Amino acid sequence: MSGSTGAGGTATRLLPSDPPGGGRAMAVWGIGVAVYFVAITYRTSLGVAGLDAADRFHINASALSTFSILQLLVYAGMQIPVGLMVDRLGAKKVLTFGVVLYTVGQFGFALSESYGLALGSRALLGCGDAMTFISVLRLGSRWFPARRGPLIAQIAALVGMAGNLISTLVLARLLHSFGWTQTFAVSAVGGVIVLIVLLLFLTDHPEGHEPPPAPAEHTGATFIRRQITDAWREPGTRLGMWVHFTTQFPAMVFLLLWGLPFLVEAQGLSRATAGELLTLVVLANMAVGLVYGQIIARHHAARTPLALGTVAVTAVLWALTLAWPGDHAPMALLIVLCVVLGACGPASMIGFDFARPANPPERQGTASGIVNMGGFTASMTTLLAVGILLDATGNNYRIAFASVFVLEALGVSQILRLRRRAVRRERERLVVSRVEAVHVPA
């Protein structure tokens, strides 16, 4: 029996199936995170190229939002299939499929001359992107002890968000200097590099911690339906989905497409200053992610207060910004808004911390897929609503962005409805696991 020392200095016994972590785990998991980093760079690249895309393809706000809506529609629709694939095939194979798809999509986007071809490329990119994060979560659970799960997940999201910095700091400048085709084509080379490293060095699990072979009956439509149904029946899975739904989308919509146009067209900022504010969102995300990960790893009871507190502060800042008298909100308020939006990503990761203990290892991918659908469904809905409202109101951003409050209210009502049931179920499972651990031979 292996052991480790907890934060309080007491020995913590690890079950035989609990992986040890260590340097090798960090290296392998780091490859998966690098794949996710590149995916985020590609996903958010349109956020700094929205105005250029509108000029290149001669499209209005609704058509521009269709790029991101289609990408997120594919992403959200792929979450449960990808979760099932990860449970069945392992992380390495699914990550390989993902890298190939999103790299081809990015190359296609670079070469697209028509709106239709560009849409197809973004859909392909969204499909590949969908295969990355759940696979990285699976790598973390296979290579690190379960008690490190919340922190590992937050760090993965943090490093992934650094890909957003590449978009806001590097791609934006390259786009201005070299143009559309060269910028997106050069960025696609990153996918080729991580694919080579992935194929050479990544493995699904440490030696001696191989998962048991799947029984023969774990195939076919009946098993797939049972996996999805069993994961959905867990209150923790549904609570995790609604936490992800409610917390993620305000920042996602801002970074993915509408932040730059809002800051430039509605707030009268230069594109350079708007880019700096988008960068602030990303930097705040990374800083808050470390704090949230540490808090949740030590105090699970903080999960719901952190999630609801983030939603409340985000709603207040949005309301102040949109309702500010005059044409433009003050710069100080915009800075605070961007810092608060940076907390939305780390808060959305709390959803996985509700689903993880609610499901056994063989169902983690499916449950994570259900959770991940939440935020991207909300983001897709809001992207569409903002685009339609902008066209209908003559680019009135105050009315368009008010749609954020509708989805936040829906999500909060569901979180409040499910939280007690999920926590009670989690405590019951914890008692059972402690009883079983007593009987594990030393």
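Author: A residue is called buried when its relative accessible area is under 20%. In this predicted model, F262 and F401 are both buried. F57 is buried as well, and so is F67. F262 and F401 form an edge-to-face aromatic pair, with 5.1 Å from centre to centre and 80° between the planes. Because F262 lies in helix α10 and F401 in helix α16 (residues 397–401), this pair ties together parts that are 139 residues apart in sequence.

The surroundings of F401 can be listed in turn. Leaving aside residues up to four places away in sequence, F401 touches V253, W258, F262, W318, L322 and V386. F401 also belongs to the largest nonpolar core, which has 133 residues; F67, Y102, F254, W258 and F401 are the ones that touch the most other members. Helix α10 (residues 235–266) supplies the largest share of this core, 18 residues.

The search of the whole structure finds 20 aromatic pairs. One of them joins F57 and F67 in a tilted arrangement, 5.7 Å centre to centre with 50° between the planes. F57 sits in helix α2 (residues 50–57) and F67 in helix α3 (residues 61–89), ten residues apart, and the pair links distant parts of the chain. Ring pairs also connect F57 and F67 with F109, Y115, W180 and F184 in a cluster.

F107, V189, V192, I193, I196, V197, L200 and F201 form a nonpolar patch on the surface, with about 700 Å² of accessible area together. Helix α8 (residues 180–201) gives the largest share of the patch, seven residues.

Technical notes
Residues numbered from 1 in each chain as written. Predicted model: local features only at pLDDT ≥ 70, side-chain atom pairs only at ≥ 80, totals over all residues. Heavy atoms only, no water. Patch = residues over 30% accessible without salt bridge, like charges linked within 9 Å, V, L, I, M, F, W, Y side chains within 5 Å. Areas by Shrake-Rupley, 256 points an atom, 1.4 Å probe, with all protein chains shown as cover. Salt bridge = Lys/Arg side-chain N within 4 Å of Asp/Glu carboxyl O. Helix = DSSP H or I, 4+ residues; strand = E, 2+ residues; numbered from the N terminus. Core = buried A, V, L, I, M, F, W, Y, C linked by side-chain atoms within 4.5 Å. Buried < 20%, exposed > 50% of the residue type's maximum accessible area, 1.4 Å probe, protein only. Contact = heavy atoms within 4.5 Å. Phe/Tyr/Trp six-rings, centres within 6.5 Å; stacked < 30°, edge-to-face > 60°.
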